[in-house]
Amino acid sequence: MAGLEVRGAVVRYDGTTAVDDVALDVARGEVLALLGPSGCGKSSLLRAVAGLEPLAGGTVRWDGDDLAGVPVHRRGFGLMFQDGQLFAHQDVAGNVAYGLRVQGLDRAARAARVGDLLDVVGLAGYGDRSVATLSGGEKQRVALARSLAPQPRLLLLDEPLSALDRALRERLATDLRAALLATGTTAVFVTHDHDEAFTVADRVAVMDAGRLLQVAPPATLWAAPATRTVARFLGYQAFVADDGHDLAVGPAGLRVADPVPDGAAVPHGAAVPDGAAVPDDAAVPYDAAVPDGAVPGTDGWSARVVRSVVRRGRPEVTVRVDLGEGVRDLVALAAPGRVPADGAAVRVELDREGCAVVG
């Protein structure tokens, strides 16, 4: 089905190109995330689609109709920003009903629509509450309900969760996805957080320096990033040549090799190779004599433990290692319950399940 069509879009500010020849399609009922670092042009592209920024080149169409010269309020698009921009003098129901009053719906129809949407966003029964009494997450739910109320042809969301803490963002990203699906809303969601993008969107469009680098469903994007730039932004931490391929090594793409039998430990106070002293009373259940120059893909690489943390029961070990791009600190996973001590010499190996072929 037709929907949003962007062709050759260019946005400039005082001679600086913020959006550079972007072509993009969003089908009716689809949720697309614009993902990229701060300053990459994603918000500028969103504002150009909304009509808030003039195009220096290219076109924006909806269902085949060119929107050039169509003002913001006549495009039939909804907007939601990170601060919500709620009306402090109105209660929750009054905020949600704002667009419905503009459309001329009668009181009964407005009340029914508001009630339905508050239920969709998880705020059933909140209609008569003052927005001043709401938490940050609740305010964003109200802002979402208000944006959805007029049934926009396209909903444009600019970093709507970025002002919230991590745990709340994760919960609201899931709820946002559910609300968009429940209402059949076509949406473009701008974010710099790839976890949010992967949770909310049907497809993700990665931008950098004003250009569109790759557009794909989340699973495809993670499994096959088109370039090293895309892979790095998604969280891949290093690259290695392996069997003729360029492998991107993800957070789960390195693992600390199997420990030596229980009881094998570096003597207290001893120095492991390269002079890194093991703290007294620290038993290191990993072989301290790691051979240098190991072959990637077979024996792995020798490394030095910088620090270890346990996340959700699984040790994440930061190791200092050279995978062929110079010495860097990378994260490797270790077996549950087997945490090497800081300063220990260990061997790390590739886990190809946590890697992706680039390009």
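Leaving aside its neighbours within four places in sequence, with which residues is Glu 138 in contact? The legends below take up this question and then turn to other views of the model.

The model is predicted, so local features need pLDDT of at least 70 and side-chain atom pairs count only at pLDDT 80 or more, while totals for chains, interfaces and linings use all residues. Residues are numbered from 1 along each chain as its sequence is written, and side-chain values use heavy atoms, with hydrogens and water left out.

**View 1. Glu 138 in helix H5.** Glu 138 is found in helix H5, which covers residues 136–148; helices (H or I, at least four residues) and strands (E, at least two) are DSSP runs, numbered from the N terminus. Once its neighbours within four places in sequence are set aside, Glu 138 is in contact with Leu 123 and Tyr 126, where contact means heavy atoms within 4.5 Å. The side chains of Glu 138 and Tyr 126 are joined by a polar contact of 3.3 Å, a term for a pair of N or O atoms within 3.5 Å; within protein, one must be able to donate a hydrogen and the other to accept it, and residues adjacent in sequence count only if both atoms are side-chain atoms. Glu 138 is buried yet has no salt bridge, and the nearest side chain of opposite charge, that of Arg 129, is 5.0 Å away. Buried means under 20% relative accessible area, exposed over 50%, and partly exposed in between (1.4 Å probe, protein chains only). A salt bridge is a side-chain nitrogen of Lys or Arg within 4 Å of a carboxyl oxygen of Asp or Glu; for charge, Lys and Arg count as positive and Asp and Glu as negative, whereas His and the chain ends are not counted.

**View 2. The open sheet of E2, E1, E4 and E5.** Four strands form this open sheet in the order E2-E1-E4-E5, with antiparallel pairing; two strands pair if DSSP finds at least two bridges between them. Strands E2 (16–27) and E5 (65–66) stand at the edges, each with a single partner strand, so one side of each is left without a neighbour in the sheet. Strand E1 (residues 3–13) pairs with E2 over nine bridges, and Val 6 stands opposite Leu 24 in E2. Asp 63 lies in the loop between E4 and E5, and has a positive phi of about 50° although it is not a glycine. Asp 63 counts as partly exposed because its relative accessibility is 31%.

View 3. Thr 185 lies in the loop between helix H6 (166–183) and strand E8 (187–191), and counts as buried because its relative accessibility is 8%. Its side chain makes a polar contact of 2.7 Å with the side chain of Thr 183. Beyond its neighbours within four places in sequence, Thr 185 is in contact with several residues, among them Gly 29, Val 31 and Leu 180. Glu 159 is placed in the loop between strand E7 (154–158) and H6; Glu 159 also counts as buried, at 10% relative accessibility.

**View 4. The hairpin of E17 and E18.** Strand E17 (residues 314–322) and strand E18 (residues 327–333) pair in the antiparallel sense over seven bridges, and the bridge partner of Val 317 in E18 is Ala 332. Four residues lie between the strands of this hairpin, in which Gly 324 takes a positive phi near 115°.
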